[in-house]
Each structure stands twice: as structure tokens, then as C-alpha cells.
Amino acid sequence: MKHSRLSRWRIGVQSGFLLAWLDPFMLRMHGFCSPVFHCHSCPLATLACPIGILANCSAIHTFPFIALGAIVFTGALFGSLVCGWACPFGFLQDLLGKIPTPKFELPAWAGWFRFVVLFGLVAGIPFFFGEDSPLFFCRLCPAGAIEGAVPSMVRQAVTGQPILWPSMVKAAILVTFLASSLFTRRPWCTLFCPLGAMYGLFNHVSFLFVRFQPACCTDCDLCHKTCPYSKRSEGRASDLRCVRCMECMQCNALTIGIISRSDGAADRKT
Amino acid sequence: MRRQIFRRLITPLFLACAGIAATIYGAWFHCVQVIGEKEIEETKQVPVQPAPKNLLAGDLSGSSVWGNDSSSGEDGSGKATVSQSEPAFVVEKVTRVAEVPKMEFEPSLLRELTVGGVTFQAGELRRTYRGDTPALCPT
């Protein structure tokens, strides 16, 4: 199966962004948020995690202007492109998904659970019960377990400090998602990611979008086979679960659109 | 066509500007009050119990409990006067904890949040530590 021109670059771009999030210049600018899901407890985190900041600001009843501003700005420009090309946790799932194991599809309605996580665990639980609640999002987050807890434990072991183990619940959730990544594509992104839920909303209105040209479509189902979420091409441009990985652009009927260039019937479909 | 242009140009442009404006406001203008605790050392003068009075009246001929005491004089009647020592003070250092409110801008507040340094109690933001900032997020 041939790769689209863009998707060939994806692993390289994801690797580059991973290095950027791992604070190569030791800046530790935790006063500002990154646009991706990267735990600020990681000893090498450049920026703060936007979901962690949203949850903590909800707990202290303070409006998070910086975090929301970063999310809105990034979403307006790129939509969920950051999910497919910049997010380190998504990158990890993509790498695990490359292992040749049988893959299963998740039902389409499962993506709505991300909004339950967003409004429940990120906003509601911290607001009403504080950060000490066992359901506080950061106490469950698998990205925090692998990006924050594991490197911290390594650093504590190397420096001879007492090791602080993550909670059993957090570790179990991490193992569950890592194992699931072997059998379905991007299970965290599909089912639980609150940040992906927000970026998916911007897919309707972002500058960058996926354009479907029905005149070029031959009903070959290539888009169905290559898409991690197996969505039909017609609904792709505004699909809430689309991570804009551009894998579907192996087909000539799907291209990248920027802002507006009228394309007649194609734009009517999107 | 107009709807397409509106959706594809005006809406994302408006949202992008809103995002920038929110980030700028949060970084430079938004601040909240955080109450911290600080140990303050003060010096105090603590009064010491005065020396017990000489209750023995009578012909002591100028003698007092402490021996010949020039401060206790005779009043001419042969009876000794009651000696009274002046109250004494001792200087002591006392440490007390004072609440210190401080206005924090959002970037520094976010840095504190990433290490669990701020909590919400009784309608106020309070620092969870005194002295050195915690190193790790508590979750």
C-alpha cells in the first residue's frame, strides 16, 4: 500500500515535535501551555499540559485564559492536525499500532465519551470536589503515568532519592491503553482524550481542512482501509474523530484545503 | 459562496484572534490573590515576676532578709521599711506565622499549579507550602 506524500513525513514530524516537548534547551516554561497532551510532571517537559492546567484551574475556581487561548488559537488554525502530527501520546500509540497484530474497529458512538471525560473529569469533578478527589483527571491520566511518573522514578532511582510510585489505578489505566494500542488504532484518542475532543470541534471551522472531491472518487474504499477510524471520506472534513493524519490522501479524491477555494460540489459536500 | 467564505475565513480568523487575545490577557493582565504564610521573628519584652516582699515587720535595725540593705532604710521609729524591687523584663525572640496575601499573575500561578503549590480553601487561594517550592506534581 503506497503512502501519501505527506504521510511519509509524519513520523519524522512527530519525532521532531517530541524532541521539542522534551525541553532540549532546558527552558521549563511551565507558565505557558503546549497545544498537545504532554504531562508537565515530566522532568523534561518544556511547557505545561493544557488539560492539566484546565483541571487545576477548575479546582481553584480560576478561569484559565492562557490554556484556553492556546487551545482556541491552535484549533482555529489547524483543527485536530496537532493530534495526528504533534501529540507525543498519539505518536506512542501510532508506533504501537504498527506492530502487526489483529486490529479491531471501535464503534463510531464511542468518540462521544471524550466529552464526558472533558466535562466530567477535567471540569466538573475538580470544580466541585477539588484536586484531592480520586477522580481528578491528573490522578488517572496515562500520559502523566508514562511521561511524568516513569521518568521521575528513573531520576529518583539514579539520584538515590526515595522512589514515588504512581498509583495502582494510574498504572493499570496506562497498561490498559498501551495494550489496547496493539489491537485498535489510537484507543486513547478515540475514547477518552479530552484535548482531542476540543480540537475535533474546530475541524468544522479551522483554516486547514481536508477537501473531498467527489468527481475524483471511484468508490475504491481506499480511504476506509487507510483511515485509523475507518470513516467514510464524505464525512471526513468535519469528522470529530479525525486526527488529520493524512493517511487517506493516498487517494487523489482527498486533498488539503486552506481557507477557502471554491470547488463547487466538493465544498457543498463538506 | 458567502457562507463558504464566512465559514472558512471569518470564523477561524475570529477564533484565532480570540485565542491570541485570551493568551495575552492571561499572560500580562490576569492576576489573582494567593495567600501565603510566612514566619516572622519578633523580639518581645516579657515581664519577670517581681521579687517577694519582705513581710517581716519589727525591730530589725535596718537588717533585711538579704542582709544589710541600704535600700531599706529606717524611718526613724526603729522599724525597717518594706523593700520593693523594681519589676524586671527579659527580652525574648518569638516566632509567629503571618498570612501574607500576594497578587500572582497567571504564568506564575500556572507554574505553582504544576507542582501543587496552590489550593482552594474557604473561598480563597492558599499556598500549600512554606519556604521552598515543591519539586513534583502531587498526582
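A:Arg211 is located in strand S3 (residues 208-212) of chain A, where helices (H or I, at least four residues) and strands (E, at least two) are DSSP runs, numbered from the N terminus. The model is a predicted one, in which local features need pLDDT of at least 70 and side-chain atom pairs count only at pLDDT 80 or more, whereas totals for chains, interfaces and linings use all residues. Residues are numbered from 1 along each chain as its sequence is written, and chains are lettered from A and ligands numbered from 1 in the order in which they are written. A:Arg211 counts as partly exposed because 18 C-beta neighbours lie inside 10 Å; a residue is buried if 20 or more other C-beta atoms lie within 10 Å of its own, exposed if 12 or fewer, and partly exposed in between, with C-beta atoms placed from the backbone. Between A:Arg211 and A:Pro134 the C-alpha to C-alpha distance is 43 Å, at a sequence separation of 77 residues.

Chain A contains twelve helices and four strands. Of its 270 residues, 51% count as buried. Two residues are in contact if their C-beta atoms, placed from the backbone, lie within 7 Å. Among the contacts of chain A between residues at least 6 apart in sequence, 72% join residues at least 24 apart.

Helix H2(A) is largely enclosed by the rest of the structure, because ten of its ten residues are buried. The buried residues of H2(A) are A:Pro50, A:Ile51, A:Gly52, A:Ile53, A:Leu54, A:Ala55, A:Asn56, A:Cys57, A:Ser58 and A:Ala59. After H2(A) comes A:His61, with a positive phi near 55°.

Helix H6 (residues 113-129) and helix H10 (residues 194-202) of chain A pack with their axes 8 Å apart, at an angle of about 120°. H6(A) is therefore oblique to H10(A). Axes are lines fitted to C-alpha atoms, for helices over the stretch in contact, and angles run from 0 to 180 degrees between N-to-C directions; those under 35 degrees count as roughly parallel, over 145 as roughly antiparallel, 65 to 115 as roughly perpendicular and the rest as oblique. The crossing of H6(A) past H10(A) is left-handed, the term for a near helix turned anticlockwise from the far one by less than a right angle, with right-handed used if clockwise. On H6(A), A:Arg114, A:Phe115, A:Val117, A:Leu118 and A:Val122 meet A:Pro194, A:Gly196, A:Ala197 and A:Met198 of H10(A). The residues of this contact comprise seven nonpolar, one polar and one charged. In this division Ala, Val, Leu, Ile, Met, Phe, Trp, Tyr, Cys and Pro count as nonpolar, Asp, Glu, Lys and Arg as charged, and the others, Gly among them, as polar.

The contact between the chains takes 35 residues from chain A and 34 residues from chain B. On the side of chain A that touches chain B, the elements giving two or more residues are strand S1 (29-33), helix H2 (50-59), helix H3 (65-78) and helix H7 (142-159). H3(A) gives the most to this side, with nine residues. The residues on this side of chain A divide into 18 nonpolar, 15 polar and two charged.

Chain B has two helices and six strands, which run α-β-β-β-β-α-β-β from the N terminus on. Of the 139 residues of chain B, 14% count as buried. Among contacts in chain B between residues at least 6 apart in sequence, 59% join residues at least 24 apart.

Four strands of chain B form an open sheet in the order S4-S1-S6-S5, with mixed pairing; two strands pair if DSSP finds at least two bridges between them. Strand S4 (88-105) and strand S5 (118-121) of chain B are the edge strands, each pairing on one side only. Neighbouring strands of the sheet are turned by 35° against each other on average, direction ignored. S1 (residues 31-48) and S6 (residues 124-127) of chain B run parallel and are joined by two bridges, and B:Ile35 has B:Arg126 in S6(B) as its bridge partner. S5(B) and S6(B), by contrast, pair in the antiparallel sense over four bridges, with B:Arg127 in S6(B) as the bridge partner of B:Val118. The hairpin of S5(B) and S6(B) has two residues between the strands, and B:Ala122 takes a positive phi near 50° there. Helix H2 (residues 106-114) of chain B lies across S1, S4 and S5 of chain B, at about 110° to S4(B).
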